[in-house]
Amino acid sequence: MTYLSDDQLMLKVVSHCAGSFTELVSRHVDALHAYAYRLSGSSSTADDLVQETWVKVWTHAGSYKVGKVKLSTWLHTVLHNKFIDHVRKQRKFSRSEDYADLALQAPASFEPEQQSQQQDGINEFAQLLAQVPDNQRAALLLVHRQGFSISETAEILDLSSTATQSLLARGRRAIRSADINLRRETHEH
Amino acid sequence: MNIDQFLTNLDSFGADLDQWSGPLERKEARAFLLQSLEARQALESTQKLEALFIRETQSSHKAPKHVLDAVNKIPQAHANNDNAPVHLAANRATSWMAREHWPTAIAAAIPLLVSFAAGIGFGLQPSDLAESAVEYADINSWVYADSLTQNTIEFSAFFPAAQEGSDNDAT
């Protein structure tokens, strides 16, 4: 079977080819879910954001301009915009329940001992991320976890590269302060 | 180097001092680290956070099966519903009809109705509105034509070729 690139598959999705859609889902859904999960701190919110993102891919595939940005960048842009909508709704109508379920699971592929160390690290990481403002958390995750460049991150966040670098520096400072505070609290108790 | 400069560089370039911009800055930073406890704590914290990020990147996160199943059903769900965005549109319609938008809409409609009633009460007739509209239309056309002629004259005084060009266009 011939391998088709993301862009070739997207051209088929525009003409509502369900097989191409499924193939794209299998390639990108894990990365999108990881980003949504770390960004929102909630598994149910992450599930919703990911589903809404793929609904948009199916219904508005034509709005993806082949060659302008990579498909993964566009998918993260769509998801990020869904997250902003979600945060606005949460702030307007109720208190956010996100970051309530921080019981993140270490991947099953690790050995038990390694898994418990891994679990500690992941929980600490999630706790620290929760202390950082949304936009800074997004910049940190996109660059350090999702592996996007500064210019791709700028595209996703709809900012200039300079503003993105500044956001990233503030994010690093915020997460470092959170870490120092957390350690101080641990020592006091 | 002071603590602010150190922290700014730390946040911009990361915990690996070899990645910092200039050799002089790197040397100053190393010297500053020996004398500042705050700088050492900040460096240690950044090193730990970078290690956490690397560990996080290496962990293979999988989307839950129920999400994968739901996403893979999207084409079928939309085909059954005339290609409309089933999931989103359905949510939007119910939330608009049932919830919080009605009070806002009513609040916005009240001043409109009051001003409409006040207009009728003061006896504003459609014929008054029509006359004033003609008057404004005349003024606008006079101002527009006049300034257009003036601009053309000023422009052609500096660029005679533009005048020739406009003659060509006219023919």
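# A guided reading of a predicted two-chain model

With 17 C-beta neighbours inside 10 Å, G14(B) counts as partly exposed. A residue is called buried when 20 or more other C-beta atoms lie within 10 Å of its own, exposed when there are 12 or fewer, and partly exposed in between, with the C-beta atoms placed from the backbone. The model is a predicted one, in which local features need pLDDT of at least 70 and side-chain atom pairs count only at pLDDT 80 or more, while totals for chains, interfaces and linings use all residues. Residues are numbered from 1 along each chain as its sequence is written, and chains are lettered from A, with ligands numbered from 1, in the order in which they are written.

G14(B) is placed in the loop between helix 1 and helix 2 (23-35) of chain B. Helices (H or I, at least four residues) and strands (E, at least two) are DSSP runs, numbered from the N terminus. Leaving out residues up to four places away in sequence, G14(B) touches Q19(B), T46(B) and E50(B). Two residues are in contact when their C-beta atoms, placed from the backbone, lie within 7 Å. The C-alpha atom of G14(B) is 8.6 Å from that of L43(B), although 29 residues separate the two along the chain.

Chain B as a whole has 9 helices and 0 strands. Of its 171 residues, 10% are buried. Among the contacts of chain B with a separation of 6 or more, 44% join residues 24 or more positions apart.

Chain B also meets chain A: 32 residues of chain B are in contact with 35 residues of chain A. On the chain B side, helix 1 (3-13), helix 3 (37-58), helix 4 (65-72), helix 5 (74-80) and helix 6 (86-98) each supply at least two residues. Helix 3 of chain B gives the largest share of this side, 11 residues. By class, the chain B side consists of 15 nonpolar, 11 polar and 6 charged residues. Here Ala, Val, Leu, Ile, Met, Phe, Trp, Tyr, Cys and Pro count as nonpolar, Asp, Glu, Lys and Arg as charged, and the others, Gly among them, as polar.

In chain A, the axes of helix 2 (residues 18-40) and helix 3 (residues 43-59) come within 9 Å and cross at roughly 140 degrees. Such axes are lines fitted to C-alpha atoms, for helices over the stretch in contact, and the angles run from 0 to 180 degrees between N-to-C directions. This crossing of helix 2 and helix 3 of chain A is right-handed. A crossing is left-handed if the near helix is turned anticlockwise from the far one by less than a right angle, and right-handed if clockwise. The residues that make the contact include V29(A), L32(A) and A36(A) of helix 2 and V50(A) and W54(A) of helix 3. In total, this contact has 11 nonpolar, 5 polar and no charged residues.

Helix 2 of chain A also passes helix 6 (residues 134-145) of chain A, with axes that come within 10 Å and cross at roughly 145 degrees. This crossing, too, is right-handed. Here Y35(A), R38(A) and L39(A) of helix 2 meet R137(A), A138(A), L141(A) and R145(A) of helix 6. The residues of this contact divide into 4 nonpolar, no polar and 3 charged.

In soluble globular proteins, nonpolar side chains tend to be buried together. A nonpolar core is a set of buried Ala, Val, Leu, Ile, Met, Phe, Trp, Tyr and Cys residues joined through C-beta atoms within 7 Å. In the largest core, of 49 residues, A36(A), V50(A), W54(A), W58(A), L79(A) and A139(A) touch the most other members. Helix 2 of chain A provides the largest share of this core, 10 residues. Beyond its neighbours within four places in sequence, V50(A) is in contact with V29(A), L32(A), H33(A) and A36(A), and also with A63(B), V67(B) and V71(B).

Most residues other than glycine have a negative phi. H16(A), in the loop between helix 1 (6-14) and helix 2 of chain A, has a positive phi of about 55 degrees although it is not a glycine. D158(A), likewise not a glycine, has a positive phi of about 60 degrees. D158(A) counts as exposed because it has 12 C-beta neighbours inside 10 Å.

Finally, confidence deserves attention. The mean pLDDT of chain B is 73, and 60% of its residues score at least 70; pLDDT is the predictor's confidence in each residue, from 0 to 100. Within chain B, helix 4 has the highest mean, 94, and helix 6 the lowest, 46. Residues 82-95 of chain B have a pLDDT below 50, and this stretch has 12 contacts in the model beyond near neighbours in sequence. Where pLDDT is low, the predicted coordinates should not be read in detail. For the complex, the predictor gives an ipTM of 0.79 and a pTM of 0.66.
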